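Here is my notebook from an afternoon of looking things up.

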Amino acid sequence: MDSGKVLHRKKPDIPGAADMRQHQEVSAKSLDSTKVIRLLEDPLTANLKERHLFVLKKLLKRSQVGFLLKDLKDVAKILNICAEKVKDHPEYLPILCEALKICRFPFLKEKASDELKYAQDVIEFISHLGCLMRVSEAEVRQQIVETVKSFYNHVAPKQLHDGLQPTSPGYRLQLLELSDVAQTLLLSMSTLEKQPTIKLQLLKTLQILSGSSDMNCALILNARGAETICLHMNQPDPSGQVLVHSSEILWNLLERGSKDTVTAQLSSMECIVSLKEAFFHQLMSGFQPSDLQLRNDLLVITTLIAENPNSLLIESLFAKQLMVFATFPELKTHNPLVRNFKLSYNSEDLKMKKMLLNLLVLMSKDLAALQLYKEEQVMLALLTLVKPPAATAEQRSGLRHWSSIQQEELQLQALATLATIAPLMLDEYVSCLGNARLLLLLDWCTGQDSYFGDCHSFHGTGGRGSKKAQMRHCIRVLRSVTSLGEESVIQDLCDQGTINQLMGILMQMEASPDEEDLVTLEIKSDIQLILSALCESDMHRKELFGAEGVEMTVHFLKKGPDKFYSGLGHNKLILSTVDCVWSCIVGCYTTEDYFLVKEGVFLLLDLLVSSPRCVHAIVLATLLELCDNPNTLTHILSWRDDGGRTASRLLLQLWRLEEEELGVTRDQHGGITDPQRLVLRRYQEDTQLSSNTPSAAVLEISENLRSKIYSIFCKLGFLDLPGLSAKDYVTLGIIRRYLDFKVGEVWDEVSRELILDGVRPISPDQESLSAICKIAEDTARKVMTEQISILEQQRKEEACEEEIIYTEIKSHWKQRELTAKSWDSYVSKTSNYEILKEVKAQRKEDMESSRPKRTDADPAVHPAEHFVGQVIAAESSEAQAPAGVKLTLTKPLTQSPGRNPEEPAARDPEFFSSGSVKDV
């Protein structure tokens, strides 16, 4: 036996001892980290470098599977101390790198509640990782970037000790968003100028951070991240990936962050110059699909910057250089920018061309940009693009050009651009013969040649397989140009026969069997608006509108507002039709009379009945203008709706509905309740008066229907109006005095404003002001008296009518009683013979009593008695008596011939009865 060796007896395993040892190891780890911090910070042991390295290696060896959540606070301190020592002692560098590698593994927890308990420690630890970028060593920075990136790649934990569990996969990501590591990493970019590889890795990490979280984007933007990225994207890069990842980060910031903040940061001169350099570098040297796509991405970012009114695109000359490419290849130029530039005419080039056209629209808000457009002949290039395909097709073989589909997309994009730019550059539009070019395109759109649109772009919506999309945008351009009312442009269009051409297109579309859709309805309403702009101020053009135009408007008025809320645009079509009546028909007696012959006034009144409230104002205004024609009044007074309601009664009902909507105080019959608040709206009572604001009493006249209804009644008159009730007459009394009430209301406002401003009028003015206000109030009281009188008269008439009705009812019931009594008598006679005999006897007695009695003393006085009578036969039927008895004259009037007047004849009682009854 070797005396140098000591044998130890192995103790048997005790149940639960393994758990106790693991618990002791975990406690030792906590204790070790605390001791390590004390060892590293204690001044007495601060220089024991070898001891430090030994302890740190031992600590990291025990934490190979990951750091405990409860130890992260101490680990952060250890990492910070090692980072400070690396500057003077490179020996600590491997330790720091090894610790950062361990941070890639999920953190460990002993209890399920540890995730919540130590959440703040984790947030501070992750933030501290970003702060370690201050270490200038490339290895450390590389490990930090890889560690942060590893948070998005869940690494399966190694075999763990019993009792330890990894944190949930999304735990670190949630807490990473609450930390400021994204902001810290961004700020560290300025320190990576000499480390391009690390910088590229950092950009990839920032791309991941910005693309996965809105909070990270907000943190990056708070550190002016968009500006920082833009300024660093043109630095020398052998790999060529810095620009790619920089643009992706900017895209993420635009999509997930605040768009306004990003564009504001990129609007500085330095950023725009940097963006310009990057764009033109890709434009001139990029040929691969990825390069072209990157070029277009940079152009989109430029487009978004152009939306910012404070951008410096023009001042940086970036916009001027872009205009050269916006007009290429439509215009030939000797600019050196395009001397060696060649289009591939592929999809990416098409996107670039469309984005340049879109950029024209965005920049048109700036007057300096319009001047730039004039210099670069942008209007001519756009009008060249909108030519019909037959006029722009390349016939020469071997010459590359846009395909038919691409040409169609550019044509529609150019038309959409013209709709915005042409009204702002009318002089250039006229000088380039814009009207003639558009009318030629319109002729092509209505042609019968075979053309099938294949455009899939946004502007080609609704026009696939036809020329409808081109017509839609061409009409839009004409509408935008004519809406300015420029006489030279309008006269040029009229001289080229635009009025008849547009009406022909409109009726041709109306006669088409195709179902109306959104695009078709938009074209129709736009054409009517163009016609309104052309004919509004010129009598000769209204005559050109003529009978054909009247029939067109009547046709659309007959459609009515049944589909007003269809969502396809029927509401716009109705409004444009009424506007067309107002602008193209009213004012010319020839077209007005033909409109009246076609019952146009009836159609307007029908529209007033069935349309929603938003249409009433324009319809009433049109009717009011038509009332200047004396023939119109007859049509209005003779109109009746389906229920027999007259036009005057309709207008009175609209007045009451309008006052109810405005909140005017009225009683249940529509009468005045307060003589001092005659026609005031609800909001006017609460409005604070001021001498610096317009009069509310005057402004409200143009905002509601009452002034228009009053004006129409002034044309119709206030007397002998058909079909009015007492309530209507009550309302009519208010309308009749509406102007007086408005004058009094204005003077009342003047009086109150003077009081608020502390101004006292001189005595004569004060007396006049008081007298005017009193006159208005007295007028209101007089109207109230008239209304009371009308209502009282109505009550009397209603009482009289009620009495007549009761009398008729009483007579009706009396007649029924007599009929019932007669029937009972008839039944009793036919069912009981004794009663019949009694009736006959009573009748005979009545007859005898009715004859004058003859006396024998003076026979000469009385003439001979003759028998005068009629023989009547009665037949019974199934109907009830007396209707069931049919009387027939069976024998004419007779006289007893040869009868001795001295000998009285024997009288048969049955013969002298009123008739013989059969089937009794």
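This is a predicted model: local features need pLDDT of at least 70, side-chain atom pairs count only at pLDDT 80 or more; totals for chains, interfaces and linings use all residues.

How many salt bridges does the structure hold? I found 35 salt bridges, counting a side-chain nitrogen of Lys or Arg within 4 Å of a carboxyl oxygen of Asp or Glu.

Residues are numbered from 1 along each chain as its sequence is written, and side-chain values use heavy atoms, with hydrogens and water left out.

**Entry: Glu522 and Arg472**

I looked up this pair and found a salt bridge between the two side chains at 2.9 Å, N to O. Glu522 sits in helix 28 (residues 518–535) and Arg472 in helix 25 (residues 468–482), so the bridge ties together parts that are 50 residues apart in sequence. My helices are DSSP runs (H or I, at least four residues), numbered from the N terminus. Glu522 is buried at 16% relative accessible area, and Arg472 is buried too, at 11%. Buried here means under 20% relative accessible area, exposed over 50%, and partly exposed in between (1.4 Å probe, protein chains only).

Next I checked Arg656, whose side chain meets that of Asp728 in a salt bridge of 3.0 Å, N to O. Arg656 belongs to helix 35 (residues 647–662) and Asp728 to helix 39 (residues 726–736), 72 residues apart. Both Arg656 and Asp728 are buried.

I then found Glu659 in a salt bridge with Arg706, at 3.5 Å, N to O. Glu659 is in helix 35 and Arg706 in helix 38 (residues 706–716), so this pair ties together parts that are 47 residues apart in sequence. Glu659 is buried at 4% relative accessible area, and Arg706 is buried at 0%.

**Entry: a helix pair**

How do helix 12 and helix 13 run relative to each other, parallel or antiparallel? The axes of helix 12 (residues 225–232) and helix 13 (residues 242–256) come within 9 Å and cross at roughly 160°. I took axes as lines fitted to C-alpha atoms over the stretch in contact, with angles from 0 to 180 degrees between N-to-C directions. The two helices are therefore roughly antiparallel, a label for angles over 145 degrees, as against under 35 for roughly parallel, 65 to 115 for roughly perpendicular and oblique for the rest.
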